Amino acid sequence: MIKRLDSVSGYTDFINEINSDPDFGDPMLRTQEQMKTNLYDAVKRKETNYAFGIFDGQEMTGLFMFLISEDESYIEMLVGLSKNPQAYEEIIAFLKNAYKDYEADFVYNPNNYMLHAALQKEDAEFEPEQQKMVLKNEITYPTDGKVQLYSPKYREEYVAMHTTDVYWTADKVIGAQDIFRIILAVDCGEAVGYVDITYNAEENEPYDIFVKPQYRRKGYARAMLAKAIEFNKPHEMTLLVDVDNEGAIALYTSAGFEKVAGENNITAHLRL
């Protein structure tokens, strides 16, 4: 049985039990800040976030929260907690019935074989596993003349080079300046790269980083990261990178980031 939940505060024991399991813990709930932001505070945003409990009688067997955009026919799993394979199958069946033809993204623990199997049955598409890295060391790097904050005069150039197959497209990021800061790499007055990074949390994250091919290996990516780190003080910073992207991992390591064990994730795409 599925119930829409207005609050998850009454299910703390269930949340902590599942989240402490290395196979089923949610990668978006690894810190107290993430628990607060991605779960306890997120459920209060009822216009976009929907929390569901899966129950066998009175016993909870699964707790899920989704961002649901009806205008865009899009769903993203923000939290998925269960050690019951039927709970995963039930929530997917519910979504397919209630949100037919929506595009859905599931971000989850790579060790969660139950959810992975349920998504495989639905012929979901899987992205590479992502490694979590945390900023540990402050490294000074010159940024003068190479980078600057976004301004509307660079809008067309920023939009033209921005990644398109993501939820946070260029237009959405520009429209969410209360969440994101955009840092641009500039060469002779032309925007040649960008970093989209959150800035309003205790732990912030670069969502997307890009440099045009002809301008790579010239220090622009490193300079943008250095500026992002400078702006982010005194808050913490984390990021996710494909586990097999050796070049990006080397870049982040040179900027002071270190790998974190046990906090990787994987994303699956499913058309409901």
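Reader: Let me start with the second largest pocket: how do the residues of its lining divide into nonpolar, polar and charged?

Author: They divide into 4 nonpolar, 3 polar and 4 charged (Ala, Val, Leu, Ile, Met, Phe, Trp, Tyr, Cys and Pro count as nonpolar, Asp, Glu, Lys and Arg as charged, and the others, Gly among them, as polar). Keep in mind that this is a predicted model, where local features need pLDDT of at least 70 and side-chain atom pairs pLDDT 80 or more, while totals for chains, interfaces and linings use all residues. Residues are numbered from 1 along each chain as its sequence is written, and side-chain values use heavy atoms, without hydrogens and water.

Reader: Which residues line the second largest pocket, and what is its volume?

Author: A pocket is an open set of points on a 1 Å grid over the protein atoms alone, with protein on both sides within 12 Å along at least five of seven lines; a cavity is a set where a 1.4 Å probe fits but cannot get out, and lining residues have an atom within 4 Å of a point. Here the lining consists of Leu135, Lys136, Asn137, Glu138, Ile229, Asn232, Lys233, Pro234, His235, Glu236 and Met237. The volume is about 150 Å³, taken as the space filled by probe spheres set on points joined across faces, edges and corners. Helix α7 (220–232) and strand β13 (236–242) each supply at least two of the lining residues (helices are DSSP runs of H or I, at least four residues, and strands of E, at least two, numbered from the N terminus).

Reader: And how many cavities of 30 Å³ or more are there?

Author: The search finds 1, and the largest cavity has a volume of about 30 Å³. Its lining is Ile139, Tyr141, Arg222, Ala226, Ile229, Ser254 and Ala255: 5 nonpolar, 1 polar and 1 charged. Helix α7 gives the largest share, 3 residues.

Reader: α7 keeps turning up; which strands does α7 touch?

Author: First, the sheet: 4 strands form an open one in the order β11-β13-β7-β14, with mixed pairing (two strands pair if DSSP finds at least two bridges between them). Its edge strands, β11 (203–204) and β14, each pair on one side only. Helix α7 packs on this sheet and touches β7, β11, β13 and β14, with its direction at about 150° to that of β13. Contact means heavy atoms within 4.5 Å; axes are lines fitted to C-alpha atoms, for helices over the stretch in contact, and angles run from 0 to 180 degrees between N-to-C directions. Helix α8 (246–254) lies across β7, β13 and β14, at about 165° to β13. Within the sheet, β7 and β14 are antiparallel over 3 bridges, and methionine 133 has lysine 259 as its bridge partner in β14.

Reader: What is the strand order in the open sheet of 7 strands?

Author: The order is β1-β2-β3-β4-β5-β15-β6, again with mixed pairing. The edge strands are β1 (2–5) and β6 (125–126). Strand β15 runs antiparallel to β5 over 6 bridges and to β6 over 2 bridges. In β15, threonine 267 partners valine 107, alanine 268 partners phenylalanine 126, and histidine 269 partners glutamate 125.

Reader: Finally, how many salt bridges are there?

Author: Side chains of opposite charge can pair when their charged atoms come close. The whole structure has 11 salt bridges (a side-chain nitrogen of Lys or Arg within 4 Å of a carboxyl oxygen of Asp or Glu). One of them joins lysine 132 and glutamate 263, at 2.7 Å from N to O. Lysine 132 is in β7 (130–135) and glutamate 263 in the loop between β14 (257–259) and β15, so the pair ties together parts 131 residues apart in sequence.
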